[in-house]
Amino acid sequence: MQISQEISLPIMGCGTWAWGNQLLWGYNESMDEQLQAVFNLCVSNGVTLFDTGDSYGTGRLNGRSELLLGKFSQAYQGIGKKNICIATKLAAYPWRWTRQSMVAACKSSAQRLGKNVDLVQMHWSTANYAPWQEAGLLDGLADLYEQGLVKGVGLSNYGPKRLQYVHQKFAERGVPIATLQVQYSLLSTYPVTELGLKDVCDQLGIKMIAYSPLALGLLTGKYAETGPFPKGVRGLLFRQLIPKVRSLLVCLQEIAQSRNKTMSQVAVNWCICKGTIPIPGAKSVEQAKENIGALGWQLNPSEVEALDQAAANTDKKMVQNIFQTK
């Protein structure tokens, strides 16, 4: 039995979570060069964790998100190349329920990436709707670590009770859980404030990754109550939320102005101050530069407290992921 080395993660990841959605809903090959530039800029500035999933870019796109990350990683030759960490999430599809299916899925991801996956994560738990399915998937996740096919394993959308169960299950096999990825932002504090997830992660030595740290863009300050709004369901959600979170946005804006930072940078820095690794999406060089501007400084305790209070007093929160367990 081969045990892999533990994985080391940077302070902030440049998540392809947003890229994945973009790839699925409107990707075209002319964007490859632009995304390569985003990748290069991130790595050269010390942002070397890239998060994706085997379900990002499905159907005709055939795992395009992983293919692109593999291509970008191989093409990059600058500083920090050896520190690049590519994390992927394996979907708990209904037809994927044996341990062998998880190993096969990760091998397929590695083939698309052109290298072994560094951090493999269970995309979501099936405990809420098909608990019988999860045992095989978790066994397969641990198999990947034991077989030396990955450097680390993680989970996504798990709550404290389910996390502790999996931690015990893996500990019996000598398999550490490196990360837990959950929806976390100033508008989605539920995993920490209500579930107490960060405390459990700290006790178990697990690093918490915060996805959607900008609440789908709502915390960027780019959208006003009068619009214009994004298209589709996102636009409908913003119409409902923005009037209800006005006080939080005002607080965010005031701190941003006093710091000579953008609202996005303050929102991401708040996640860092909370001891998490935020993975904001970036699909342009401008967005990547904005994300990088959240690094190298830190909000002071009074600013964090002001944001905490404003977040707690909002009348509306972001919709939680339906797969989030307790």
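The side chain of Q133 puts a polar atom 2.8 Å from the backbone oxygen of R96, a polar contact in the sense of N or O atoms within 3.5 Å, where within protein one must be able to donate a hydrogen and the other to accept it, and residues adjacent in sequence count only if both atoms are side-chain atoms. This is a predicted model, where local features need pLDDT of at least 70, side-chain atom pairs count only at pLDDT 80 or more, and totals for chains, interfaces and linings use all residues. Residues are numbered from 1 along each chain as its sequence is written, and side-chain values use heavy atoms, with hydrogens and water left out.

Q133 belongs to helix α5. With a relative accessible area of 2%, Q133 is buried; buried means under 20% relative accessible area, exposed over 50%, and partly exposed in between, using a 1.4 Å probe and protein chains only. Setting aside neighbours within four places in sequence, Q133 is in contact with A92, Y93, P94, R96, W97 and T126, with contact meaning heavy atoms within 4.5 Å.

Helix α5 itself covers residues 131-146, and its 16 residues reach 24 Å from first to last C-alpha, close to the 22 Å expected at 1.5 Å a residue. That expected span is 1.5 Å times one less than the number of residues. Helices here are DSSP runs of H or I with at least four residues, strands are runs of E with at least two, and both are numbered from the N terminus. Most of α5 is covered, as 13 of its 16 residues are buried. Just past the helix, G148 has a positive phi of about 75 degrees.

T314 is another buried polar residue to look at: its relative accessibility is 9%, and it is found in the segment after α13 (301-312). Beyond its neighbours within four places in sequence, T314 touches L187, K244, V245 and L248.

| Side chain | Backbone oxygen | Distance |
|---|---|---|
| Q133 | R96 | 2.8 Å |
| T314 | A311 | 2.8 Å |
| T314 | K316 | 3.4 Å |

Now for the sheet. Seven strands make an open sheet, ordered β1-β2-β3-β4-β5-β6-β7, with parallel pairing; two strands pair if DSSP finds at least two bridges between them. β1 (49-53) and β7 (277-278) are at the edges with a single partner strand each, so one side of each has no neighbour in the sheet. Helix α3 (residues 64-75) packs on the sheet, touching β1 and β2 (85-90), and its direction makes about 155 degrees with that of β1. Axes for that angle are lines fitted to C-alpha atoms, for helices over the stretch in contact, and angles run from 0 to 180 degrees between N-to-C directions.

Towards the β7 end, β6 (residues 207-211) pairs with β7 in the parallel sense over two bridges, and A210 stands opposite P278 in β7. On the β5 side, β5 (residues 177-183) and β6 are joined in parallel over five bridges, with Y211 in β6 as the bridge partner of Q183. β6 is largely enclosed by the rest of the structure because four of its five residues are buried.

Zooming out, the chain has 13 helices and seven strands. Of its 326 residues, 56% are buried. Among contacts with a separation of 6 or more, 80% come from residues 24 or more positions apart. The accessible surface comes to about 14300 Å², with 52% of that belonging to carbon and sulfur atoms; accessible areas come from the Shrake-Rupley method with a 1.4 Å probe, and for residues only the protein chains shown count as cover.
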